[in-house]
Amino acid sequence: MEKPDTIIGRDLEWAVLERFLRAGDDGSLKIGIVSGRRRAGKTHLLTAAAGAVGGLYHVCVQEEGDLSARARFAAGIAAHGGITGAATADWESLLVSALDVAARTAPAGRPPLLVIDEFPYAMAKAPQLPGLLQLLYDRSQRGEGPGGRVILCGSSLSVMRELLSGTKPLRGRAMVDLKLGPLDYRQTAELWGVGDPETALKVHACVGGYPGYRRLIDRVPHSPAEFEDWVPDTLLSTGFGAFTTAEVDYLLREDPRITDRSAYHDVLGAIARGSTTLAKIGAETGRSKDAVRPLLRTLESTGYVARRVDLVRGRSSISVRDPIIRFDRLVTAPRLGQLELGQSRQVWRAMRDTFRSQIIGPHFEELAREWVRRFAAAELGREEGFGEVGTANVQDNAGRAKHEVDVLGVQGRTVTFIGEAKATGQRQGVPALERLETIRRALGGLGYRAEGAVPGVFSLTGFTPELEAAGREGGAALVDLRRLYGV
């Protein structure tokens with residue numbers, strides 16, 4: 001299987017699918033699960049894979065009745081097999097027919113493939129579907145039923161995760177459990193065709209690495225000046241599909257557990273504004289810890305928020321993980337009334353400072369950590385990588401101070417990387433390197449082996465000549481936007 005050029009990244013995911021779709025020795029039925037939030041590119045990936053092996057691809061429709069869903073599935077089976085006058089049947093018969101038709105259209109040496117996209121929509125009206133697939137799977141293992149591959153895909157992460165949990169019918173029967181996350185920031189720049197690193201950073205800070213947003217937006221900014229027009233004309237325009245408040249509402253609708261969306265909007269807003277603990281979120285939203293706790297569990301399971309563990313102290317803090325949700329809660333939602341009156345440019349002028357301080361700054365720090373995770377090993381010649389990468393608060397007992405570390409790499413009790421990321425308008429100088437040395441000594445005082453740690457300074461605006469000279473002499477990694485983006 002050759003991955004199409006239209007699919008950016010996804011090499012690992014494509015390799016997993018290719019391995020899954022190879023012919024097996026026993027010819028039995030094998031099941032794969034593919035999940036990922038809305039706009040992650042699941043459909044694009046699976047339609048390409050189905051096309052490569054002559055597979056039958058079927059997408060379910062939200063809020064469709066059971067009879068209508070079965071009739072449409074039957075029609076899809078008939079169209080794929082070149083059959084006329086297909087009759088609506090029960091789900092078990094339809095699944096068997098789909099695999100039989102897929103077997104007739106599969107290339108020589110390839111097992112038949114059936115892809116059921118947005119599977120949770122069908123399950124809403126036909127909850128027996130996982131049990132029927134279990135039945136077909138078990139029959140196939142005994143040589144009594146059709147073989148092939150079945151891929152179940154969905155955007156409702158809680159439903160897809162539940163398929164393989166506890167005593168559910170498909171538990172222990174899925175060969176593949178593939179979760180599609182966002183593209184990395186370099187792949188996102190390639191997807192959007194943005195060559196300017198500053199503009200690429202700003203676009204990524206708004207919409208993240210989700211390919212689906214590229215298809216919603218007709219214009220791409222190629223410079224910081226174009227970006228200033230792009231935001232009010234797209235993300236803040238109530239008439240476009242990328243209007244962030246409408247998009248966040250769609251994202252929350254994907255999870256059937258989220259019924260009171262206003263409560264989730266409140267919690268997401270509080271976290272985006274800096275409430276990073278359960279107690280702070282409760283205080284800002286006027287809810288008790290017991291009321292906030294289940295909301296957080298749901299948001300974590302969907303991937304919209306995440307807990308970030310302090311690598312030294314072990315304490316966790318909560319942050320909004322999804323860029324478009326963060327942008328909406330900080331920029332769009334506070335000015336929704338004005339935006340509904342068409343005042344997107346006025347809103348953007350008023351919210352630029354919020355964007356710079358509360359979005360670009362933290363986002364630049366996160367990309368600095370991602371650079372260390374994904375790219376630094378190859379670019380700094382450290383084949384073994386840098387271990388776990390995150391943040392930390394380091395107590396300097398000698399200096400009686402506490403230091404916040406933007407980027408920390410650790411392997412056990414060995415510190416591999418200590419970095420500082422600044423999204424200010426000033427070039428970073430030698431004091432940044434001196435601060436990292438102070439932190440390195442403080443970590444040593446806490447019992448860490450930090451002598452060989454690589455110091456790193458990340459800057460939006462570059463470095464002074466003195467820091468560049470000191471960096472070359474001391475083996476520091478100086479990472480500006482061009483190096484961050486590999487250009």
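**Arg38 and its surroundings**

Modeller: Start with Arg38, whose side chain makes a polar contact with the side chain of Glu247 at 3.4 Å. A polar contact is a pair of N or O atoms within 3.5 Å; within protein, one must be able to donate a hydrogen and the other to accept it, and residues adjacent in sequence count only if both atoms are side-chain atoms.

Biologist: Before we go on, what sort of model is this?

Modeller: This is a predicted model, in which local features need pLDDT of at least 70 and side-chain atom pairs count only at pLDDT 80 or more, while totals for chains, interfaces and linings use all residues. Residues are numbered from 1 along each chain as its sequence is written, and side-chain values use heavy atoms, with hydrogens and water left out.

Biologist: Fine. Is Arg38 buried or exposed?

Modeller: Arg38 is buried, because its relative accessible area is 19% and buried means under 20% (exposed is over 50%, partly exposed in between, with a 1.4 Å probe and protein chains only).

Biologist: Where does Arg38 lie, and what does it touch?

Modeller: Arg38 is in the loop between strand 1 (29–35) and helix 2 (42–52). Helices (H or I, at least four residues) and strands (E, at least two) are DSSP runs, numbered from the N terminus. Leaving out residues up to four places away in sequence, Arg38 touches Ser155, Glu247, Tyr250, Leu251 and Glu254; contact means heavy atoms within 4.5 Å.

Biologist: What covers the buried residues of helix 2?

Modeller: The cover includes helix 1 (11–20), strand 1, strand 2 (56–59), strand 3 (113–117) and strand 4 (148–154). The buried residues of helix 2 are Lys42, Leu45, Leu46, Ala48, Ala49 and Ala50. Just after helix 2, Gly54 has a positive phi of about 65 degrees.

Biologist: Which residues have a positive phi although they are not glycine?

Modeller: Glu63, at about 60 degrees, is one of them, and Glu118, at about 50 degrees, is another. Most residues other than glycine have a negative phi.

Biologist: Where are Glu63 and Glu118?

Modeller: Glu63 is in the loop between strand 2 and helix 3 (66–81), and is exposed with a relative accessible area of 74%. Glu118 lies in the loop between strand 3 and helix 5 (119–125), and counts as buried at 13% relative accessibility.

Biologist: New topic. Which residues of the largest nonpolar core touch the most other members?

Modeller: Among its 93 residues, those are Trp192, Phe327, Trp371, Val372, Phe417, Phe458 and Leu484. Helix 18 (residues 344–374) gives this core its largest share, 11 residues. A nonpolar core is a set of buried Ala, Val, Leu, Ile, Met, Phe, Trp, Tyr and Cys residues joined through side-chain atoms within 4.5 Å.

Biologist: What about Trp371 and Phe458?

Modeller: Their ring centres are 5.7 Å apart and their planes at 75 degrees, so that pair is edge-to-face. The pair links distant parts of the chain, with Trp371 in helix 18 and Phe458 in strand 11 (residues 454–459), 87 residues apart. Trp371 and Phe458 are buried.

Biologist: How many residues of strand 11 are buried?

Modeller: Six of its six. Val454, Gly456 and Phe458 are on one side, and Pro455, Val457 and Ser459 on the other.

Biologist: And how does strand 10 pair with strand 11?

Modeller: Strand 10 (residues 414–422) pairs with strand 11 in the parallel sense over six bridges, and Ala421 stands opposite Phe458. Two strands pair if DSSP finds at least two bridges between them.

Biologist: Last one. Which ring does the charged end of Arg37 sit over?

Modeller: That of Tyr210, 3.7 Å from its centre. The rule is NZ of Lys or CZ of Arg within 6 Å of the ring centre and within 35 degrees of the ring normal.

Definitions and conventions. Rings of Phe, Tyr and Trp (its six-membered ring) pair if their centres lie within 6.5 Å; planes under 30 degrees apart count as stacked, over 60 as edge-to-face and the rest as tilted.
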